[in-house]
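Subject: Structure handover

Hi,

Here is the structure I promised you. Please open it alongside this email, and my notes follow below.

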Amino acid sequence: MTQNLPRFPPRPTDTAPLYPADELQKLQSIMDNRQGQPMPAPPPAPPRKTTWVGKALALVGVAVVSGFVWWVLQPSDPVDQPISQPQKTAGEFEFTTVAQLPEPVKDSDCAAHAGGQTQTFLKSTPCLQLTRAFYTAKLPDGRVVYSSVSVVKMRTADEARQLRELTQKDGTGNVKDLVLDKAISVPPLTTLANGGYASEQRDQEVVIVESDSPVKGADALAHNKEMKKVSADAIRLASSFPTS
């Protein structure tokens with residue numbers, strides 16, 4: 001029996017193909033270089049897109065938190081408790097105009113509507129304008145009081161001061177009230193000068209008020225004091241007079 005024994009040297013077809021030595025060295029070098037380098041980081045994930053639903057939920061959350069903070073900071077007073085408002089008071093007395101003279105009357109000749117030393121002063125120191133109005137008011141006991149409000153506009157504040165100081169003195173005359181000047185008739189009164197007087201200077205202007213009532217009390221001094229109180233309150237009415 002014949003045995004097939006290997007032959008030496010072996011033939012190329014008897015072994016697996018071999019890489020040349022230089023190729024193996026290149027491959028080994030590549031592998032060594034890769035082992036020394038860190039693995040590349042994975043690419044970042046794409047950003048998530050915020051939808052309109054997410055935005056709406058975020059806004060709702062902010063509103064809820066804000067509402068809670070507002071509620072916590074509110075005072076503990078009852079909801080139905082009324083809030084006090086500042087009250088505007090017009091004055092102590094309520095004044096109304098009369099049908100005989102519903103609007104103020106004007107005149108540029110103040111001396112013609114004055115008497116005594118006041119007339120003399122206004123002749124030498126003419127005014128720019130005289131404005132007068134007439135009002136009624138009621139006392140707490142129901143008595144009616146009549147008030148004549150005069151505004152004398154002078155050329156300067158100093159002239160206005162002189163006029164006011166003159167009218168404050170007794171026996172020096174005054175700007176005539178509308179009853180004395182016969183522009184208003186309120187019998188049995190023929191003048192308001194016997195009641196109560198009040199005045200005030202406003203720069204170039206002097207406000208003069210005289211008030212009286214046909215029904216007088218038993219005490220003349222008390223009556224005069226009461227009429228002065230009405231006149232002092234009526235000074236504010238001059239602020240509503242037309243400026244021209």
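A residue counts as buried when its relative accessible area is under 20%. Cys 110 has a relative accessible area of 3%, so it is buried. Cys 127 is buried too, at 9%. Keep in mind that this is a predicted model.

**The disulfide**

Those two cysteines belong together. How many disulfides does the count give? The count comes to one. Cys 110 and Cys 127 form it, with their sulfur atoms 1.8 Å apart. The link of Cys 110 and Cys 127 is right-handed, with 90 degrees about the S-S bond. Cys 110 sits in the loop between strand 2 (105–107) and helix 3 (116–124), and Cys 127 sits in the loop between helix 3 and strand 3. The pair therefore ties together parts that are 17 residues apart in sequence.

**The nonpolar cores**

Next, the cores. The largest nonpolar core has 19 residues. Which of them have the most contacts inside it? They are Phe 95, Tyr 135, Val 149 and Val 207. Strand 3 (129–138), strand 4, strand 6 and helix 5 (220–234) each supply at least two residues of this core.

**The cavity**

The largest cavity has a volume of about 30 Å³. What lines the largest cavity? The lining consists of Ser 148, Ser 150, Val 175, Lys 176, Asp 177, Ile 208, Val 209 and Glu 210. By class, that lining has three nonpolar, two polar and three charged residues.

Strand 4 (144–153) and strand 6 (205–212) each supply at least two residues of the lining. Strand 6 gives the most, with three residues.

Best wishes

How values were computed:
Residues numbered from 1 in each chain as written. Predicted model: local features only at pLDDT ≥ 70, side-chain atom pairs only at ≥ 80, totals over all residues. Heavy atoms only, no water. 1 Å grid on protein atoms, 1.4 Å probe; cavity = no way out; pocket = protein on both sides within 12 Å on 5 of 7 lines; lining within 4 Å. Points joined across faces, edges and corners; volume = space filled by probe spheres on them. Helix = DSSP H or I, 4+ residues; strand = E, 2+ residues; numbered from the N terminus. Nonpolar A, V, L, I, M, F, W, Y, C, P; charged D, E, K, R; others polar. Core = buried A, V, L, I, M, F, W, Y, C linked by side-chain atoms within 4.5 Å. Buried < 20%, exposed > 50% of the residue type's maximum accessible area, 1.4 Å probe, protein only. Disulfide = S-S within 2.5 Å.
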